[in-house]
Amino acid sequence: MPFSPAPTLDALVRTGVQVALIVVVAVLARAVVIRVIGHASAGAGVPGLVTLLRRRRGITDADRIRAFGSARRAQRARTVGSVIGNAATILIFGTAFTMALGQVGVNLAPVLAAAGVLGLAVGFGAQNLVRDFLSGIFMILEDQYGVGDTVDLGDAVGTIERVGLRTTTVRDVAGMVWYVRNGTIERVGNASQDHAVAVVDVPLAIDTDITHAAAVAESAAAAGIDEAGHGADVLGAPQVLGAEQLRAPGMTLRLTVTTEPGRQWAVQRTVTERVVAALRADEVALAA
Amino acid sequence: MPFSPAPTLDALVRTGVQVALIVVVAVLARAVVIRVIGHASAGAGVPGLVTLLRRRRGITDADRIRAFGSARRAQRARTVGSVIGNAATILIFGTAFTMALGQVGVNLAPVLAAAGVLGLAVGFGAQNLVRDFLSGIFMILEDQYGVGDTVDLGDAVGTIERVGLRTTTVRDVAGMVWYVRNGTIERVGNASQDHAVAVVDVPLAIDTDITHAAAVAESAAAAGIDEAGHGADVLGAPQVLGAEQLRAPGMTLRLTVTTEPGRQWAVQRTVTERVVAALRADEVALAA
Amino acid sequence: MPFSPAPTLDALVRTGVQVALIVVVAVLARAVVIRVIGHASAGAGVPGLVTLLRRRRGITDADRIRAFGSARRAQRARTVGSVIGNAATILIFGTAFTMALGQVGVNLAPVLAAAGVLGLAVGFGAQNLVRDFLSGIFMILEDQYGVGDTVDLGDAVGTIERVGLRTTTVRDVAGMVWYVRNGTIERVGNASQDHAVAVVDVPLAIDTDITHAAAVAESAAAAGIDEAGHGADVLGAPQVLGAEQLRAPGMTLRLTVTTEPGRQWAVQRTVTERVVAALRADEVALAA
Amino acid sequence: MPFSPAPTLDALVRTGVQVALIVVVAVLARAVVIRVIGHASAGAGVPGLVTLLRRRRGITDADRIRAFGSARRAQRARTVGSVIGNAATILIFGTAFTMALGQVGVNLAPVLAAAGVLGLAVGFGAQNLVRDFLSGIFMILEDQYGVGDTVDLGDAVGTIERVGLRTTTVRDVAGMVWYVRNGTIERVGNASQDHAVAVVDVPLAIDTDITHAAAVAESAAAAGIDEAGHGADVLGAPQVLGAEQLRAPGMTLRLTVTTEPGRQWAVQRTVTERVVAALRADEVALAA
Amino acid sequence: MPFSPAPTLDALVRTGVQVALIVVVAVLARAVVIRVIGHASAGAGVPGLVTLLRRRRGITDADRIRAFGSARRAQRARTVGSVIGNAATILIFGTAFTMALGQVGVNLAPVLAAAGVLGLAVGFGAQNLVRDFLSGIFMILEDQYGVGDTVDLGDAVGTIERVGLRTTTVRDVAGMVWYVRNGTIERVGNASQDHAVAVVDVPLAIDTDITHAAAVAESAAAAGIDEAGHGADVLGAPQVLGAEQLRAPGMTLRLTVTTEPGRQWAVQRTVTERVVAALRADEVALAA
Amino acid sequence: MPFSPAPTLDALVRTGVQVALIVVVAVLARAVVIRVIGHASAGAGVPGLVTLLRRRRGITDADRIRAFGSARRAQRARTVGSVIGNAATILIFGTAFTMALGQVGVNLAPVLAAAGVLGLAVGFGAQNLVRDFLSGIFMILEDQYGVGDTVDLGDAVGTIERVGLRTTTVRDVAGMVWYVRNGTIERVGNASQDHAVAVVDVPLAIDTDITHAAAVAESAAAAGIDEAGHGADVLGAPQVLGAEQLRAPGMTLRLTVTTEPGRQWAVQRTVTERVVAALRADEVALAA
Amino acid sequence: MPFSPAPTLDALVRTGVQVALIVVVAVLARAVVIRVIGHASAGAGVPGLVTLLRRRRGITDADRIRAFGSARRAQRARTVGSVIGNAATILIFGTAFTMALGQVGVNLAPVLAAAGVLGLAVGFGAQNLVRDFLSGIFMILEDQYGVGDTVDLGDAVGTIERVGLRTTTVRDVAGMVWYVRNGTIERVGNASQDHAVAVVDVPLAIDTDITHAAAVAESAAAAGIDEAGHGADVLGAPQVLGAEQLRAPGMTLRLTVTTEPGRQWAVQRTVTERVVAALRADEVALAA
């Protein structure tokens, strides 16, 4: 490569043509990338992904718009897009400049080695980012949860406020808003799908007559559901499963009621109150 | 490479032929990949994998269809397929374009280096995805669980609702639906295979006559199983293993009954109630 | 490569031109990098990122200036910038020197291999740094929190003092200042967004009449909010959710009040005091 | 490489011969790989590995056949084998096709770079799979456990049902079947090798005369073993080690009996019952 | 490369010149590196970094000198420097020797591959070292703590004794000296910045009149601060926040006083004593 | 490379010679590797490593032979060796075949790329294996423990049964045999080196006269050691260290006796019994 | 490369010379490496590192010799050295052989690829080893602890017995010897540097008069130190810090005494005994 014979005019011309080709391709590539990013960050991408999400009870289109399309979010998305666009511009033009250097006979190995060290650090450091986006895409595609669902993400438990490609936003019972990176979510528990179950575990003293206690609890639960107006919430009669546990403090009597999703907590509270009151009225000893 | 002699017309023609060859191969490759993805995402792949799954008790073909073949799931699978297809198209045409650039004499090292940095980040970030799919394929091939089985996946305990290549869906006792990434499952506990065992540990005061208590418990368990109509559920007579533990609160008397899978909890509750009642009737002190 | 034919004068001249070109490009590249770093470290970058942050209640521009633009912080940012600039200078001139060596016919493979080993260690070691910066950029872009917000970063709980690209600074209730690396933050809980909820869990003895206790608690909470002048703080009437828990020590009665962000703790304390006093006055047994 | 002189007919012929050679080698290689996989998945490999496993007490050849050679398992193994075979076919023919492309003068660098990115993701994602198989091979070679052994794998405790190359199957005391990936097993505890020890820790009040209690316990244990017919199970007389612990609740008297493997729990239960009865009869205060 | 035509004398001369050039560059490079290391390890580097550290209360220049410039530390730094210098010498001369081998026509690929394996192990093993140094540099640049600050590093809590590039040294309350690697510090809590807060949580019985108890506690705290001569330590009057907690044992009354950094513990003790005494004098029941 | 000029007969001959050379070298290399593996797996390697292990008390050569040289272990080692030998054969001949392909003009890049993807997965998956062997070699070289030592490996506590290159085998107090991978052992606690210490912590009520209790305990311990015939076991008189702890339940009086390794538990039990008896006789209140 | 023109005799000679050069360099390189390893493993290296370690109280040269220079350790070091030497020999001669192959025209790419796969596994597996040695070197250079120091390494707490490059050996209070790999030590706590502090926390009932209790405790501590002959051990008068904690069981009174390193435990025990006795004599209620 060094000390090669003098270039002819013809070769110079060809080199010039190649450099010009590189520049043209780089400009075109940047334009395409910027357009794609702009398109995606304008929100055209995510709704495209979510059109197949099922219609959930009580989640109107207005809610979806609030979640994905409000003005401030659009502005924020544009900012993110322009930052990513700048990064892409630097990468594309840096690559094109290096290629042009190579066309005029410079040995590129040292430049590529230096870029490799930087790239190694950046590539390793960015793997979390990629993981977050890939997890987000698949979670949306698999429709694991939608805005308004009550979920348990491990790190955060509450109601989904926003489903993003990188982070999911959840508001918990104390009104705290949690931003969870999608890549850190290993399992999702969704309490708003198809049906739910209210579970009441009544602690009983170990010398209780379980059969009697179960009968009392069952009728109290059924009566309580009617009286409290939970008729439309429950999908079946209360079931007493029987003695669930036999440990030092006593036994546990488990009682379940299948409900509409989102109504399990109200039903559970009603049943708890009624069963405890009935057992006390019946002088069954609670293990408290 | 730079300043090489002027190309002859012949060489130009050959270069054109090579570029055309690249384009043709790329178009063909994309067509094949898109077809394979479509085939797989239409559900033809997974059922092929699951045909060897054993027929489980109470899981009808209708259940399987519900799990794998319903309309909405098919639609969702097509969406996933089209997203993956777009990614493959970008990768294949990008590669072909770079190859064509190389054929006309451009030094590709900088482009490949830039692609390498992106590829490193994407490759690292995507390893979880690959791990999930590989784990899913092997778990299905090894038939570790099927729809309707009661399982313990560590992160989630309940009944399998769907077996997917990337995620498994489980509904727990409170009706919550858990999406667990297959790659995060280190061990699977399946309570629905061949047989199950109901285990009852009765806490006894430390000064109890164990031999007597064991006899009382055993006959009460046997009687209870008959009276409660669990005859078809149990696969053997109750076994009293004896004193299992000797700690500060007292001793534990362990009693086991082998049952049909899925019936262990009902049998366990019945036996618990009967044994506790019999011991109380016999004035054996429970360690409560 | 070795034992190649003697270079002609012409080739020598061309090599000299190439080396000169390398030097010129290196000097220019360094100048550009130094200028960009100086620009960014002078604080021009971060404010550019944060202009889209929403205006929060009670956070004035003066606060922002205090957080981002004070003299000492500017000086510190310049120092960081000059350190990074020196690193970039070493990298750029080292690369250029190696390229010049290559142009005069030296086999660069050993140098590049040695650089690769160093680069591997540095690249791996620096991935945390890159991760911190990338996380910081996205957290700022997504506006997860701002100066003055009360947050739970897992490692630290308190009020945000400074939002940096690499670290976030939080002051906790005991006045301790926490520096948290952005890359170690997996989820962010922000208690200062839109609204908050004061949650009071009253422990009741298991034989309490819950309906009565709930009525007493609700009216006491409403009265207390009025008397304590929290009228402007709350966004709705107190809600008694009912029996929340049924464990050995008794039951829990849960009561919530939606409030302005930042006022939840004051409201919660007021409600706690009033409800406890009212229940005591009503002779309802607390499970203490 | 580009713009090289026109190929002679001779060169074209030679290229054709090389391509034909590649195709032949690829077809042969695929045939060999498919045959090896079929051979291995037909179960010929694992038994070959396990022939040196020691004959354990009570594990008949029938058990081994049940574990490795039943019809359904054979069918499942063939399915796994055909899936792996398809993957190998794709890899081999894809490689051959790329080589043929290279022989006709196409620059392969972009294809290899694209394959490298995919390969990086797959290679990283597949490392767990490789780890599982390597761990399985060594665990089988080192004969750490066999079908019927009682083991503690950390994730699962119970009886080995199947020893596989990727997963080990264990059934626990409640009849639950655990599938544990071999690569996640860091240590194996095997309770069925050579001999076992029944350990009974009797909690004593702190003001007990230990020497007396030890004498009582020792003779009760020896008598109990004889009376309960454990003569063939134990490999030595019971040993009282003395006061093992001195904590707030009192002291612990430890007593051990060496037994045949698998008999330790029955012996332990017998000894526990006898020693507790004897101490109670002797009015030694237990720390319960 | 092999069997290349015989070298001319001219080529031999040029090869000699190239080898000589390599040796000269290597000697120069080593000299520069040794000088830089010596300069840095003589302590010239770290003080340069720390000149912008703010002046803390009570940390004199003498303290800084003690921390960075004592004779023994200088000697130790020189030893570290000479070890690093030897490593650099081996690396530089080994690289130069390999380059010279390459100039005389030896195929270097096997040497580079062998070096690569070693380099991979060393590079991976050294990443912790690099991480420690990078973390240390940024923690010093960001001025997270200085000598004399009271910090919580997670692994160690106490007073900073030395701020190093690789390790930070902390002395805890029991006089134990902790060496913490900077790269293992995920978050830093600094109790010595700007101000601190003394927090006193008084446990009250659940049937306490909180309003009265708060008034008693507040005046007792204010009086105690005056009497104990903490006037210069506190930056504001004590604040009673009210009932902080409502759990089984009772309620908690929280009281805070903002203080000068470092004085919070003394103030906290004084306030604790005074408030407890005042509440006891007032016959308010503490939840002990 | 493609379309190169027609080979002369001479070139064909030379290619043939090169291929023959490759085959010969491969056959020789395989023979050497198989011999080395056979040598090592016949146990010649490990004993060579362990000859410098110190002679421990009570570990005879017969024990060592039992640990390393029994017939079954030799057979198992040969099986392991033959498996590794097969793997080496495949690797060597595969490499040789690929080299021969390369000598006849085939572009090897695609084959090497495919091998690289497989190699990446295998290399990553095998790192645990390598780590285990390297850890094992160094643990044996550093003589951290030998057969018969009582050790705490974190995962397993008991007596060493076998020291292997990949796994260490420990039998615990309940007779369970633990196989621990050497690479997972982060620290080793060895209770059989040079000497041991029996430590007895006596819990005392907080209002005990410690000086008196210490005197009573010390003389009781000394007397007990004599009477129980532990004269040869102890290396020094019992030492009462004094009040070790001051927590809610009371104080702790610590007493230590230095003993021969392996005798600490017997001495500890004796001393415990005697001290407790003496304190009771002296009416010192124990904190039980 | 294949089918290259026939070599001239001259070229054959030159190839022979190159191969001879490779052999000579390999033999020389091996000799140098073996000598360096022998030098280092003979202990010349470590003492060279440790000469700057400060002289600690009570650590004589004899101790150092015992730690680094005894006959058995020297023998062990030589064995380690010879094992490493064999590994280096294999690596160097394998590399040289491959280079010679390359000089006679063999395509080395497949050999290097095969070596790369092995190297990847070994390199990854060996990173822990490298990390251990690097950590050890820096811990020795930074003089974090020496033989005889009392340290807390997280995994092991006790007295340093040996400071090694790969492992540190600690003997704990029960005489157990811990081998801790240096790379697993994240922080080191050293209780033997400059001074130590005896800390006594006295639990007081919540209705105690703290001022009085503090006065009693302080004078009792001072008197006890004098009477117990700890005058030379303490570096200052006892300090009563005041009420340290205010939780359910009561308050804690903290008292500290600065002592010589190593004397803190004796002083602490003395002070504990005296303070408890004095408070009891003064009828101050301890919270036991």
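In the predicted model, strand S4 (residues 177-181) of chain C pairs with S5(E) in the antiparallel sense, over four bridges. Within this pairing, Arg187(E) of S5(E) stands opposite Val180(C). The contact between the two chains involves 61 residues of chain E and 55 residues of chain C. On the side of chain E that touches chain C, at least two residues each come from helix H1 (9-50), helix H3 (71-103), helix H4 (109-141), strand S5 (187-190), strand S6 (196-204), helix H5 (210-227) and strand S7 (239-247) of chain E. The greatest contribution to this side is that of H4(E), with 15 residues. By residue class, the side of chain E that touches chain C comprises 30 nonpolar, 21 polar and 10 charged residues.

Chain E is superposed on chain C by a rotation of 52° with 0.0 Å of shift along its axis, at an RMSD of 0.1 Å. Only 13% of the interface residues of chain E are also interface residues in chain C, and the copies therefore meet through different surfaces.

Chains A and B were examined in the same terms. Between them, 59 residues of chain A are in contact with 55 residues of chain B. Two or more residues of the side of chain A that touches chain B are given by each of helix H1 (9-50), helix H3 (71-103), helix H4 (109-141), strand S5 (187-190), strand S6 (196-204), H5 and strand S7 (239-247) of chain A. H4(A) gives the most to this side, with 14 residues. The side of chain A that touches chain B is made up of 29 nonpolar, 21 polar and nine charged residues. Here S5(A) runs antiparallel to strand S4 (residues 177-181) of chain B, and four bridges join the two strands.

A rotation of 51° with 0.0 Å of shift along its axis brings chain A onto chain B, with an RMSD of 0.1 Å. The copies use different surfaces, as 12% of the contact residues of chain A recur in chain B.

Chain A itself contains six helices and eight strands. Along the sequence these elements follow the pattern α-α-α-α-β-β-β-β-β-β-α-β-β-α. Chain A has 288 residues, of which 43% count as buried. Among contacts in chain A with a separation of 6 or more, 69% are between residues 24 or more positions apart.

Helix H5 (residues 210-227) of chain A was considered separately. At 1.5 Å a residue, its 18 residues should span 26 Å, which agrees with the 25 Å between its end C-alpha atoms. The buried residues of H5(A) are Ile210(A), Ala213(A), Ala214(A), Ala217(A), Ala220(A), Ala221(A), Gly224(A) and Ile225(A). Seen down the axis of H5(A), these buried residues fall within an arc of 140° and so line one face of the helix. In an α-helix there are 3.6 residues a turn, so residues three or four places apart point the same way. Exposed residues Thr211(A), His212(A), Asp226(A) and Glu227(A) lie on the face of H5(A) turned away from its buried side. H5(A) is followed by Gly229(A), which has a positive phi, near 75°.

Technical notes:
Residues are numbered from 1 along each chain as its sequence is written. Chains are lettered from A and ligands numbered from 1 in the order in which they are written. This is a predicted model: local features need pLDDT of at least 70, side-chain atom pairs count only at pLDDT 80 or more; totals for chains, interfaces and linings use all residues. Two residues are in contact if their C-beta atoms, placed from the backbone, lie within 7 Å. Ala, Val, Leu, Ile, Met, Phe, Trp, Tyr, Cys and Pro count as nonpolar, Asp, Glu, Lys and Arg as charged, and the others, Gly among them, as polar. Two strands pair if DSSP finds at least two bridges between them. Copies are superposed by least squares on the C-alpha atoms of residues with pLDDT of at least 70 in both. The expected span of a helix is 1.5 Å times one less than its number of residues. A residue is buried if 20 or more other C-beta atoms lie within 10 Å of its own, exposed if 12 or fewer, and partly exposed in between; C-beta atoms are placed from the backbone. The arc is that of the directions from the helix axis to the C-beta atoms.
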